[in-house]
Amino acid sequence: MGLDDQPAELAGLGPIPAEQARALALGGTWRRIVTDPVTGTVLDVGRTRYRPPAALAEHVLARDQVCAGPGCSVPGHRCDLDHTTEYHGTPANRSPLPGTTSAGNLGPLSSRCHRLKTDGGFTLRQVTPGVFEWHTPAGLTYRVTPGQNGHTRKLDTHHHAIPDNPPF
Ligand SMILES: [Zn+2]
């Protein structure tokens, strides 16, 4: 950007002179990569690639530990790493945009829970990284925190009126 003449860091090579960096940048393709400021772990590679880099996959599995499905306890390492909002095609959860390959859009899903999402009419959102909200075809909402042993909580949906004559 020509802001100063400090050396630039070329990944895998080390510092290079500013003039050389500017020449490289002119002919290059820019990719945004977000890293954790403390650990340096890659958290977000945007839409540059579908498959998460190994460090990002490890980060998500360390965070979530078990399947992100409601009430499911399949260990994360036996799950698929699912893009919460689909990377390809039209998102089923009515997101206006396709999903990214990022910590906030990846979570482990067992094959059973993956099918609920793909074919079962369930929709899934990741409210914040590591917190998953499922909407069932029956109109129920469950919030799952797989990093807390798959803790699952049913949310009030306000969609269903309380029956006048409860069955008890
Ligand atoms: Zn599952």
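## Exercises on a predicted model

Leu24 lies in helix α1, residues 18-26. The model is predicted.

**Exercise 1.** Is Leu24 buried, partly exposed or exposed? Which residues make the nonpolar surface patch with Leu24?

*Solution.* 
- Step 1: Take the relative accessibility of Leu24, which is 47%.
- Step 2: Recall the limits: buried is under 20%, exposed is over 50%, and partly exposed is in between.
- Step 3: Leu24 is therefore partly exposed.
- Step 4: Now turn to the patch. Leu10 and Leu13 make it together with Leu24, and its area is about 290 Å².

**Exercise 2.** Classify the aromatic pair of Tyr50 and Tyr87. Then find where each ring sits in the chain, and describe the surroundings of Tyr87.

*Solution.* 
- Step 1: Two numbers are needed, because a pair of aromatic rings is described by the distance of the centres and the angle of the planes.
- Step 2: The structure holds two aromatic pairs. In the pair of Tyr50 and Tyr87, the centres are 5.4 Å apart and the planes make 70 degrees.
- Step 3: An angle over 60 degrees counts as edge-to-face, so Tyr50 and Tyr87 are an edge-to-face pair.
- Step 4: Locate the rings. Tyr50 is in the loop between β4 (42-44) and α2 (54-64), while Tyr87 is in the loop between β5 (80-83) and β6 (106-109). They are 37 residues apart, so the pair links distant parts of the chain.
- Step 5: Tyr50 is partly exposed at 42%, whereas Tyr87 is buried at 8%.
- Step 6: Look over the ring of Tyr87. The charged end of Arg47 sits there, 4.2 Å from the ring centre.

**Exercise 3.** How are the rings of Phe122 and Trp134 arranged, and are they buried or exposed?

*Solution.* 
- Step 1: The centres of Phe122 and Trp134 lie 6.2 Å apart, with 75 degrees between the planes. The pair is edge-to-face.
- Step 2: Phe122 is in the loop between α3 (111-118) and β7 (123-128). Trp134 is in strand β8, residues 131-135. Twelve residues separate them.
- Step 3: Phe122 has a relative accessible area of 18%, so Phe122 is buried. Trp134 has 0% and also counts as buried.

**Exercise 4.** Which residues of α2 are buried, and which are exposed on the other side?

*Solution.* 
- Step 1: List the buried residues of α2: Leu56, Ala57, Val60, Arg63 and Asp64.
- Step 2: Look down the axis of α2. The buried residues fall within an arc of 130 degrees, so they line one face of the helix.
- Step 3: Turn to the other side of α2. Ala54, Glu58 and Ala62 are exposed there.

Terms used:
Residues numbered from 1 in each chain as written. Predicted model: local features only at pLDDT ≥ 70, side-chain atom pairs only at ≥ 80, totals over all residues. Heavy atoms only, no water. Phe/Tyr/Trp six-rings, centres within 6.5 Å; stacked < 30°, edge-to-face > 60°. Helix = DSSP H or I, 4+ residues; strand = E, 2+ residues; numbered from the N terminus. Buried < 20%, exposed > 50% of the residue type's maximum accessible area, 1.4 Å probe, protein only. Lys NZ or Arg CZ within 6 Å of the ring centre and 35° of its normal. Patch = residues over 30% accessible without salt bridge, like charges linked within 9 Å, V, L, I, M, F, W, Y side chains within 5 Å. Areas by Shrake-Rupley, 256 points an atom, 1.4 Å probe, with all protein chains shown as cover. Salt bridge = Lys/Arg side-chain N within 4 Å of Asp/Glu carboxyl O. Arc of directions from axis to C-beta.
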